[in-house]
Amino acid sequence: MLLLTAKHIVADFLLQNSWMAIGKDQKSGWALPLFAHCLVHLATSLLLILVIAPRFWFVAFIDFFIHLAVDRAKGITTSTFGVTTEHPWFWSLIGVDQALHHLTGFGLAIFMAVN
């Protein structure tokens with residue numbers, strides 16, 4: 001769980017550029033930035049899992065698809081309701097987004113631990 005959390009911080013904050021962060025939440029033109037961002041998560045997850053527990057390589061793809069769904073849902077909400085940094089929902093959306101990503105990591109860590 002700690003390694004997946006560290007991976008998430010690296011992929012979501014250190015390796016995500018402004019093109020990805022802003023682009024994935026737009027009403028149009030969101031697909032490429034979102035896909036690029038989620039590919040970063042796939043690559044970092046896959047690398048980590050191949051080093052630590054290679055038989056669970058497929059978990060990186062599960063993480064990819066869940067990350068894609070969560071970030072797209074946030075993007076739809078952001079673009080539909082005009083959520084910007086000044087909007088009262090901004091920090092709530094960030095919090096829900098991050099909580100869902102960490103719950104994903106927790107669930108995937110449990111899956112790998114018991115199998």
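**Exercise 1. Helix lengths**

What should the 25 residues of α5 span at 1.5 Å a residue, and how far apart are its end C-alpha atoms?

*Solution.* A word on the ground rules before we start. This is a predicted model, in which local features need pLDDT of at least 70 and side-chain atom pairs count only at pLDDT 80 or more, while totals for chains, interfaces and linings use all residues. Residues are numbered from 1 along each chain as its sequence is written, and side-chain values use heavy atoms, with hydrogens and water left out.

Step 1: Helices are DSSP runs of H or I with at least four residues, strands are runs of E with at least two, and numbering goes from the N terminus. The expected span of a helix is 1.5 Å times one less than its number of residues.

Step 2: For α5, that rule gives 36 Å, and the end C-alpha atoms lie 37 Å apart, which agrees.

Step 3: Just after α4, Gly 82 has a positive phi of about 60°.

**Exercise 2. Confidence**

Find the mean pLDDT of the protein chain, then the elements where confidence is lowest and highest.

*Solution.* Step 1: pLDDT is the predictor's confidence in each residue, on a scale from 0 to 100. The chain averages 97, with 100% of the residues scoring at least 70.

Step 1: The lowest confidence is in α1, with a mean of 96, and the highest is in α3, at 98.

**Exercise 3. Rings around Phe 111**

How many aromatic pairs does the structure hold, and which residues do ring pairs link into a cluster with Phe 111?

*Solution.* Step 1: Rings of Phe, Tyr and Trp (its six-membered ring) pair if their centres lie within 6.5 Å; planes under 30 degrees apart are stacked, over 60 edge-to-face, and the rest tilted. There are 9 aromatic pairs.

Step 1: Take Phe 56 and Phe 111: the ring centres are 5.9 Å apart and the planes stand at 75°, so this pair is edge-to-face. Phe 56 sits in the loop between α3 (31-52) and α4 (59-81), and Phe 111 in helix α5 (residues 90-114), so that the pair links distant parts of the chain, 55 residues apart.

Step 2: Check accessibility, where buried means under 20% relative accessible area, exposed over 50%, and partly exposed in between (1.4 Å probe, protein chains only). Phe 56 is buried at 5%, whereas Phe 111 is partly exposed at 33%.

Step 3: Phe 58 also forms an edge-to-face pair with Phe 111, at 6.0 Å centre to centre and 80° between the planes. Since Phe 58 lies in the loop between α3 and α4 and Phe 111 in helix α5, this pair ties together parts 53 residues apart in sequence. Phe 58 is partly exposed, at 30%.

Step 4: The cluster linked by ring pairs holds Phe 56, Trp 57, Phe 58, Phe 61 and Phe 111.

**Exercise 4. The nonpolar core**

Which members of the largest nonpolar core touch the most other members?

*Solution.* Step 1: A nonpolar core is a set of buried Ala, Val, Leu, Ile, Met, Phe, Trp, Tyr and Cys residues joined through side-chain atoms within 4.5 Å.

Step 1: Of the 14 residues in this core, those touching the most other members are Leu 4, Ile 49, Phe 56, Val 59 and Met 112. The elements giving two or more residues to the core are α3, α4 and α5, and the largest share, 5 residues, comes from α3.

Step 2: Follow Ile 49, with contact meaning heavy atoms within 4.5 Å. Beyond its neighbours within four places in sequence, Ile 49 is in contact with Pro 54, Phe 56, Trp 57, Val 59, Ala 60 and Met 112.
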